[in-house]
Amino acid sequence: MKTITRGSNNAAFGSTDRQGQPSMQRLTAFRRAFGAARTMPIRQFSAGIVQHRHTDINNLETKFEFTAESKKEIEIVLKKFPPQYKASATIPLLYIAQEQEGAGNWLTLAAMNKIAELLEVPPMNVYEVATFYTMFNREPVGKYHIQLCGTTPCMVAGCGAETIKKVVMDELKIGEGETTPDGLFTLTEVECLGACVNAPMIQVNNKEFYVSLQPTDKNLSIDV
């Protein structure tokens, strides 16, 4: 019978099982055994760091302005929402900022602050959206951002996402989360991209989908 030690902040820490061995010790032993037997690599989830980190190219002094072309796009977007609900344009404006000519396919702190100013919302409201969705890059990426889906369907279907990842890494000679020296390609593992029936798959620059991939597919041969 399980006994509970009085005065413990967490009853489980003072409990014993039927063999009289402390439950936490058995749990620790199980975790170690499971970890030792793991054959799949530990996944690095795609969210990255949530907190902003000042760098020489991304800090409170960094400047950002929308171009005349971007401003026209913003006007079109804002017309779709009542004035009191223009905060709903956060995602479209983040896209415009990220894809603006010269932006380098990523979002600076200044760009997010500018969007907050246009939408008349606290900057934190914009940060929350930009840090939640993997299509928004808060650090510099290559001209061609390869996003590899690593969730369950892509992991187990066909040859598996890990096989595709290795093919891309071998082809580009980079690791996951890295950019080629010439600045052309970045490989990132992300969460579900909504193409589960055609797994495994990759997405490039949030626009092009390559599905039902095999290691020998010509789509995995990088030629620019």
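A residue counts as buried when its relative accessible area is under 20%. Keep that cut-off in mind as you look around this predicted model. The chain has seven helices and four strands, and buried residues make up 36% of its 224 residues.

**The overall layout**

- Starting at the N terminus, the order of elements is α-α-α-α-α-β-α-α-β-β-β.
- If you take the contacts between residues at least 6 apart in sequence, 60% of them join residues at least 24 apart.
- The chain's accessible surface is about 14200 Å², and carbon and sulfur atoms account for 55% of that.

- How many of the residues of E2 are buried? Six of its six residues are, so to speak, under cover.
- Phe185, Leu187 and Glu189 point one way from E2, while Thr186, Thr188 and Val190 point the other way, and all are buried.
- E2 runs parallel to E1, and six bridges join the two strands.
- To find one spot in this pairing, look for His145, which sits opposite Thr186 in E2.

**Helix H7**

- H7 covers residues 161–172, which makes twelve residues.
- From first C-alpha to last, H7 reaches 16 Å, close to the 16 Å expected at 1.5 Å a residue.
- Which residues of H7 are buried? They are Ala161, Ile164, Lys165, Val168 and Leu172.
- Looking down the axis of H7, you'd see its buried residues fall within an arc of 100°, so they line one face of the helix.
- The cover over the buried residues of H7 includes strand E1 (144–149), helix H6 (152–156), strand E2 (185–190) and strand E3 (202–204).
- Just past the end of H7, Lys173 has a positive phi of about 60°.

**Helix H3**

- In H3 (residues 90–99), the buried residues are Thr90, Leu93, Leu94, Ile96, Ala97 and Gln98.
- Their cover includes H2, helix H4 (109–119) and helix H5 (123–132).

**Arg53, out in a loop**

- You'll find Arg53 in the loop between helix H1 (23–37) and helix H2 (68–78).
- Is Arg53 buried or partly exposed? Its relative accessibility is 46%, so Arg53 counts as partly exposed.
- Arg53 and Arg138 are 85 residues apart along the chain, yet 9.9 Å separates their C-alpha atoms.

Notes:
Residues numbered from 1 in each chain as written. Predicted model: local features only at pLDDT ≥ 70, side-chain atom pairs only at ≥ 80, totals over all residues. Heavy atoms only, no water. Buried < 20%, exposed > 50% of the residue type's maximum accessible area, 1.4 Å probe, protein only. Contact = heavy atoms within 4.5 Å. Areas by Shrake-Rupley, 256 points an atom, 1.4 Å probe, with all protein chains shown as cover. Expected span 1.5 Å × (residues − 1). Arc of directions from axis to C-beta. Pairing = 2+ DSSP bridges.
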